[in-house]
Amino acid sequence: MGLALLPFFLLLASTIEAQSLFDVTRYGAKPNTDITQALANAWKEACMSTTPSKLLIPKGVYQLSQSYLKGPCKSVPIQVQVDGTLKAPLHPNGDGLVLFAYIDQLMLSGTGVFDGQGKAGWDKNDCHKKKICTKLPMNLKFSFITNSIVKDITSLDSKNFHINLLGCKNVTFQHVTISAPENSPNTDGIHISSSEQINILDSKISTGDDCVSVGDSNKQVTITNVTCGPGHGISVGSLGKYTKEKDVVGVTVKACKLINTTNGVRIKTWPDSAGAFIASDMHFEDIEMQNVSNPVIIDQEYCPWNQCNRKVPSKIKISKVSFKNIRGTSATPIAVKLVCSKSIPCEGVEVADINLTYSGIRGPILSECANVQPLITGKQSPQICAKPAPAGAPSTD
Ligand SMILES: *[C@@H]1O[C@H](CO)[C@@H](O)[C@H](O)[C@H]1NC(C)=O
Ligand SMILES: *[C@@H]1O[C@H](CO)[C@@H](O)[C@H](O)[C@H]1NC(C)=O
Ligand SMILES: *[C@@H]1O[C@H](CO)[C@@H](O)[C@H](O)[C@H]1NC(C)=O
Ligand SMILES: *[C@@H]1O[C@H](CO)[C@@H](O)[C@H](O)[C@H]1NC(C)=O
Ligand SMILES: *[C@@H]1O[C@H](CO)[C@@H](O)[C@H](O)[C@H]1NC(C)=O
């Protein structure tokens, strides 16, 4: 091709790639007002655009009521850039602030904040204590989202879970910030269920419940370079509370840091579980603990607030689990606790290079186990499974 033609081709390429911009302020959104309708209108047009589109919420503080941003979209990919702060209503309304559903190649980014204004709802949140409870709205729900990326955004003070994934495939969260106080109930950072190929990277999660909870029916979940605390730590589960739950296979937690959390890395299943299924291929590696209360824990007698019959063992089979290179400080003497089901013991558990210390006054650092015979290698502080775990000991939630 002649050199003279090159600018023409570059121009052509850039027109083809051109992105249509849908700025909510062109749809009537103004700072300090409710932009729910403007967002709905901008979304409708962005989603129906036949060229790749970008919806923009620029800097500013806006009020927002439940917003359902639903696909499938003609615009693939579709970008949503939130640079503003979106404030949820004080009074609980609907089941989410922003709900994304049925979208392929969504890219949600920006320096913006999804503010659930949770203080106004936390006293009504009793779902951690009761099976039948008031469902409060989450900050962000992703349902049936595929091949997508969520980055840089912040979720603040959600009334319920901050971020919920359901039926998603190939979704990456990177550099997100989640923040709520230590005493905010049920404010899990990211809860994942019925999903596969989910990656959570380079993020910071401070909240009142689990940092990341990998619920039922998931495959290939990777959590890397996430800092958690305060909160209840990173967990697989709880599993077995409801019927219709399916296997969890393939969870990798790597290079994470837990600070001041009530658990570190945990697998939890309910006794007297509704279903019988497997939880397998779960690996926890290169984890740093700072003042964590139960740094390493498998709890198949998970029954907080006495919501179950502890006498019937869990029917969930746990296998192929490894805990490797875990170091730092424990806030309690029992630093490694592996309590498996009496009827279906854990299989293929590997524990290697555990270097934890406890400096409190409640005795030496310990590890207690039941119904598991792990393969142990490398450094052992505490000495792994040196003691049998007492039956019926209460769980932390
Ligand atoms: C996952 O999604 C990303 C982002 O859209 C995409 O680049 C990548 O090709 C997808 N991977 C697979 C295996 O589909
Ligand atoms: C880990 O995540 C933080 C952001 O939370 C980032 O600054 C840092 O570069 C990441 N580290 C690696 C090794 O990617
Ligand atoms: C851990 O919690 C204690 C007590 O609440 C607090 O003083 C300390 O600053 C926290 N540490 C970190 C690293 O956040
Ligand atoms: C460790 O955690 C405990 C309980 O969560 C807290 O009371 C204590 O202040 C923390 N200590 C430090 C040194 O952060
Ligand atoms: C264990 O941790 C302590 C204190 O953090 C450190 O001094 C020691 O070198 C570590 N030991 C091993 C074998 O890594």
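Trp270 has a relative accessibility of 4%, which is under 20%, and therefore counts as buried. The model before you is predicted. Tyr302, at 6% relative accessibility, is buried as well.

How are the rings of Phe142 and Phe173 arranged? A pair of aromatic rings is described by the distance of the centres and the angle of the planes. For Phe142 and Phe173, the centres are 5.6 Å apart and the planes stand at 85°, so this pair is edge-to-face. Phe142 belongs to strand β10, residues 138-143, and Phe173 to strand β14, residues 169-174. The two lie 31 residues apart, and their pairing links distant parts of the chain. Both Phe142 and Phe173 are buried.

Trp270 and Tyr302 also form an edge-to-face pair, with 5.3 Å from centre to centre and 80° between the planes. Here the partners sit in loops: Trp270 between β22 and β23, Tyr302 between β24 and β25. They are separated by 32 residues, and this pair too links distant parts of the chain. In total, five aromatic pairs are counted.

I turn now to Thr207. This residue is located in the loop between β17 (196-206) and β18 (212-214). Is Thr207 buried or exposed? Its relative accessible area is 1%, so Thr207 is buried. The Thr207 side chain reaches the backbone oxygen of Thr187 at 2.5 Å. Beyond four places away in sequence, Thr207 touches several residues, among them His162, Pro181, Glu182, Thr187 and Pro230.

Thank you for your attention.

Conventions. Residues are numbered from 1 along each chain as its sequence is written. Chains are lettered from A and ligands numbered from 1 in the order in which they are written. This is a predicted model: local features need pLDDT of at least 70, side-chain atom pairs count only at pLDDT 80 or more; totals for chains, interfaces and linings use all residues. Side-chain values use heavy atoms; hydrogens and water are left out. Helices (H or I, at least four residues) and strands (E, at least two) are DSSP runs, numbered from the N terminus. Buried means under 20% relative accessible area, exposed over 50%, partly exposed in between (1.4 Å probe, protein chains only). A polar contact is a pair of N or O atoms within 3.5 Å; within protein, one must be able to donate a hydrogen and the other to accept it, and residues adjacent in sequence count only if both atoms are side-chain atoms. Contact means heavy atoms within 4.5 Å. Rings of Phe, Tyr and Trp (its six-membered ring) pair if their centres lie within 6.5 Å; planes under 30 degrees apart count as stacked, over 60 as edge-to-face and the rest as tilted.
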